[in-house]
Amino acid sequence: MVENSPSPLPERAIYGFVLFLGSRFGFFLYCLWAFIPEEWLHSIGLTYWPQKYWALAVPMYFLVFLVVFIVVLFGVNMSSTAPLDSVDNITDVYAQSQSTEGCHKGGVPRLKDVSISEVNKMFYLSPKM
């Protein structure tokens, strides 16, 4: 019987450790290939390697892809968000609003629907002093 535990199963732990060691070994080989001159690699018989250009190009391409992905993801989320006067923001009588009467001071309130007007008040309106 599997016990409810936050720790991974022994098989998953072994796989994770092997992947950890493999990634460290791969990074070590990458650093060796990137920093050792071509003549030294040729002298020990290692002649079929990619150009040193790719030692910098692949990480830079990955970083550019990551930045473009984040910008596109932000743009898609902003374009797919309904405007405040949209019909999609209308709720019905079955939507429960957030109430603070059953909550202790400093406690976590119960999970309820929060209307868009309350969210806008919290985020965009400055508190009155």
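Student: Why is Trp54 called partly exposed?
Tutor: Its relative accessibility is 38%. Buried means under 20% relative accessible area and exposed means over 50%, with partly exposed in between (1.4 Å probe, protein chains only). Trp54 falls in that middle band, so it counts as partly exposed.

Student: And what makes Tyr53 buried, exposed or partly exposed?
Tutor: Tyr53 has 47% relative accessibility, so it too counts as partly exposed. A word on the source: this is a predicted model, where local features need pLDDT of at least 70 and side-chain atom pairs count only at pLDDT 80 or more, while totals for chains, interfaces and linings use all residues. Residues are numbered from 1 along each chain as its sequence is written, and side-chain values use heavy atoms, with hydrogens and water left out.

Student: How many aromatic pairs does a search of the whole structure find?
Tutor: Seven.

Student: Why is the pair of Tyr30 and Trp33 called tilted?
Tutor: Their ring centres are 6.0 Å apart and their planes meet at 50°. Rings of Phe, Tyr and Trp (its six-membered ring) pair if their centres lie within 6.5 Å; planes under 30 degrees apart are stacked, over 60 edge-to-face, and the rest tilted. The 50° angle belongs to "the rest", so the pair is tilted.

Student: What separates Tyr30 and Trp33 along helix α1?
Tutor: They are three residues apart in helix α1 (residues 10–35), which means about one helical turn. A helix here is a DSSP run (H or I, at least four residues), a strand is another (E, at least two), and both are numbered from the N terminus.
Tutor: As for cover, Tyr30 is partly exposed because its relative accessible area is 31%, whereas Trp33, at 10%, is buried.

Student: What makes Tyr53 and Trp54 an edge-to-face pair?
Tutor: Their centres are 4.9 Å apart, with 75° between the planes. That angle is over 60, so edge-to-face is the label. Elsewhere, ring pairs link Phe27, Tyr30 and Trp33 into a cluster.

Student: Why does Leu84 count as exposed?
Tutor: Its relative accessibility is 58%, which is over 50%, so exposed it is. Leu84 is in the loop between α3 and α4.

Student: Which residues does Leu84 touch, not counting those up to four places away in sequence?
Tutor: Asn89, Ile116 and Asn120, where contact means heavy atoms within 4.5 Å. Leu84 and Ile116 are 32 residues apart in sequence, yet their C-alpha atoms are 7.9 Å apart in space.
Tutor: Ala82 is in that loop between α3 and α4 as well. At 28% it counts as partly exposed, and beyond its neighbours within four places it contacts Asp88 and Asn89.

Student: How many helices and strands does the protein chain have?
Tutor: Four helices and zero strands, running α-α-α-α from the N terminus. Buried residues make up 5% of its 129 residues.
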